[in-house]
Amino acid sequence: MQMQIRVPATSANLGPGFDSLGIAVTLYLTITVKGRTKEWVVEHDMGADIPHDESNMIVKTALKILPTLPAHCFKVESDIPLARGLGSSSSAIVAGIEMANQLGKMNLTNEEKIQLATELEGHPDNVAPAILGDFVVSTFVKQKNTSIKGHFPELQFMAYIPHTELLTTESREVLPQRLPFKEAVSAGSIGNALVAALLTGRTKQAGCLMEEDLYHEKYRLKLVPHLTKIRSIGHKHNSMATYLSGAGPTVMTIIPGQEAAAFSQEIREAGLTGKLVALDVDRQGTFVTHNR
Ligand code: HSE
């Protein structure tokens with residue numbers, strides 16, 4: 001019997017929801033567990049840098065959760081680009097936790113899975129929607145996670161995915177150590193209003209608030225100079241909002257489907273050569289199937 005675990009990509013922050021807001025989107029990492037083996041075997045064609053043995057991140061995560069887990073052979077397929085701000089490392093962590101949960105019959109609740117994943121990842125904004133799907137509002141304070149799932153409005157996304165990687169660590173190094181009190185109050189209030197606007201379907205107001213982040217985007221601009229250009233092209237094509245996806249370098253634009261072609265063309269004309277991918281919100285999150 002084979003088991004498959006499918007984990008969606010995620011897009012975190014949504015502008016002012018730094019380390020707190022995230023959505024699941026329609027790109028996936030899928031693992032197919034084939035059976036018991038003497039040593040761990042990870043089959044994939046994701047590049048020479050990714051290990052095929054127990055040093056693979058998915059195996060390491062599974063063994064952290066359940067050190068007694070016996071070795072298995074499994075295949076990994078993924079269309080989530082690595083180190084691009086679409087939660088590829090979170091999806092690997094979530095897949096590892098779910099593999100331990102299933103093979104070890106641990107019966108973990110979603111809450112327990114998110115807590116474990118957040119402890120490993122450091123912040124919940126990618127792992128929580130990767131597990132729950134849709135839109136998730138989270139907080140991780142004093143090592144305790146709280147995540148609340150809500151419904152994200154029916155909207156379409158265009159992801160601009162640059163050819164170059166940007167590590168989250170590098171993108172966090174440019175952030176300030178401190179924010180003045182008044183600015184922190186404003187930043188928090190913008191995030192709060194955004195959550196209320198999204199949960200009540202006020203998409204126009206939500207879009208304006210998404211572009212008003214005070215926590216991170218302006219500090220990261222030097223690493224992601226294409227953000228400003230894409231945002232202004234979006235405005236010409238009736239976009240709801242453009243924001244930096246997670247730590248970048250991917251930029252997400254929420255734009256009506258009928259505008260996508262003209263928007264994409266103008267991106268090209270501006271000399272931006274990254275990949276443009278149309279995405280929707282994944283409502284389901286992590287999904288497990290057992291095939292006979
Ligand atoms: N909230 C995180 C950040 C997401 O922006 O650094 C990336 O993992």
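How far apart do the C-alpha centres of domain 1 and domain 2 lie? I get 24 Å.

Ground rules first. I am working on a predicted model, with local features needing pLDDT of at least 70, side-chain atom pairs counting only at pLDDT 80 or more, and totals for chains, interfaces and linings using all residues. Numbering runs from 1 along each chain as its sequence is written, and side-chain values use heavy atoms, with hydrogens and water left out.

Domains. I have domain 1 as 2-151 + 282-291 and domain 2 as 156-279, bounds that come from an automatic or database domain assignment. I looked up their contacts (heavy atoms within 4.5 Å): 24 residues of domain 1 touch 33 residues of domain 2.

Ligand shell. I listed residues with a heavy atom within 4 Å of the ligand; among them are Phe18, Asp19, His123, Asp125 and Thr168. Both domains give residues to this shell, so the ligand lies between them.

Polar side chains. I checked N or O pairs within 3.5 Å. Arginine 172 has a polar side-chain atom 2.7 Å from a ligand oxygen. For asparagine 13, a side-chain N or O atom is 2.8 Å from an oxygen of the ligand, and for asparagine 126 I note 3.5 Å from a polar side-chain atom to a ligand oxygen. How much of the ligand does the protein bury? I read 96% of the 260 Å² that the ligand exposes when taken alone, using Shrake-Rupley areas with a 1.4 Å probe.

How values were computed:
Polar contact = N/O pair within 3.5 Å; in protein donor to acceptor, adjacent residues only side chain to side chain.
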